[in-house]
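Subject: Structure for you, with notes on the ligand site

Hello,

I am passing a structure on to you today, and I hope you will enjoy looking through it. Please open it first, and then read my notes alongside.

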Amino acid sequence: MTLAVCPGSFDPVTMGHLDIITRAASIFDNVIVAILENQAKDHMFSLEERLEMLRVACAHLPNVQVDHFEGLLVDYVRACGAHVVIRGLRAVSDFEFELTMALMNRKLDPSIETMYIMTSMEYSFLSSSIVKEVAGSGGDIHGLVPEPLVERVSARCRRKG
Ligand code: PNS
């Protein structure tokens with residue numbers, strides 16, 4: 001059985017994330033989408049909200065589970081019994097951070113491989129930050145976040161924006 005972990009902040013999950021998760025789920029038998037619980041970082045959505053939104057977004061993908069982790073990603077991946085981390089790659093600007101992270105994770109645990117799925121063209125500009133910025137100023141986020149989450153994300157961003 002092949003198992004991959006797809007980690008991230010998902011604050012909130014976007015259509016770009018869902019594209020990567022869907023494509024990973026078509027390659028691996030099982031995919032765990034894992035939200036980093038980082039108390040130090042100021043997220044717009046609580047961990048519980050992000051977990052719930054991801055569960056809604058991935059409800060149609062039977063081989064995808066949603067979970068969260070604290071501490072080092074490699075420790076979590078090992079505890080899951082997985083050997084593969086999946087990340088999405090958009091523009092060249094993602095590369096430096098992703099390379100640093102992949103190399104550090106390989107140093108920490110050489111048995112874990114990080115694999116990248118290139119973004120689909122239509123989502124290459126998309127990030128959680130830009131969704132929050134657009135929604136915070138009253139912009140339309142249909143097509144940017146999974147449809148069942150549009151109203152919820154818009155309302156929260158307008159309140160905080
Ligand atoms: O969605 P993001 O914010 O780009 O995801 C980054 C994430 C959560 C994958 C990364 O910050 C992470 O794995 N953090 C856990 C801490 C860790 O393992 N650090 C060492 C490798 S850099």
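Predicted model: local features only at pLDDT ≥ 70, side-chain atom pairs only at ≥ 80, totals over all residues.

**The ligand and its contacts**

An N or O atom in the side chain of Ser 9 comes 2.6 Å from an oxygen atom of the ligand. The side chain of Arg 87 also has an N or O atom facing a ligand oxygen, at 2.9 Å. With Leu 73 it is the backbone that takes part: one of its N or O atoms is 2.8 Å from an oxygen atom of the ligand. On its own the ligand has 550 Å² of accessible area, and the protein covers 74% of that.

The shell around the ligand includes Pro 7, Gly 8 and Ser 9, then Leu 36, then Phe 69 together with Gly 71, Leu 72 and Leu 73. By type, the shell holds 7 nonpolar residues, 4 polar ones and 1 charged one. Strand E1 (3-8) and helix H4 (95-108) are the elements that each supply two or more of these residues, and H4 has the largest share, with 3.

**The pocket**

Where does the ligand sit? You will find it in the largest pocket, whose volume is about 1000 Å³. This pocket is lined by 38 residues, and those closest to its centre are Pro 7, Gly 8, Ser 9, Arg 87 and Phe 97.

Several elements give two or more residues to the lining: E1, helix H1 (15-27), strand E4 (84-89), H4 and helix H5 (128-136). Here again H4 gives the most, this time 5 residues. The lining divides into 15 nonpolar, 15 polar and 8 charged residues.

**The loop between E1 and H1**

Two backbone details here deserve a look on your screen. Phe 10, in the loop between E1 and H1, has a positive phi of about 50° although it is not a glycine. Pro 12 lies in that loop as well, and the peptide bond that joins Asp 11 to Pro 12 is cis, with omega at about 5°.

I would be glad to hear what you make of it all.

Best wishes

Key. Residues numbered from 1 in each chain as written. Heavy atoms only, no water. Near = heavy atom within 4 Å. Polar contact = N/O pair within 3.5 Å; in protein donor to acceptor, adjacent residues only side chain to side chain. Areas by Shrake-Rupley, 256 points an atom, 1.4 Å probe, with all protein chains shown as cover. 1 Å grid on protein atoms, 1.4 Å probe; cavity = no way out; pocket = protein on both sides within 12 Å on 5 of 7 lines; lining within 4 Å. Sits in = over half its atoms within 2 Å of the grid points. Helix = DSSP H or I, 4+ residues; strand = E, 2+ residues; numbered from the N terminus. Nonpolar A, V, L, I, M, F, W, Y, C, P; charged D, E, K, R; others polar. Points joined across faces, edges and corners; volume = space filled by probe spheres on them.
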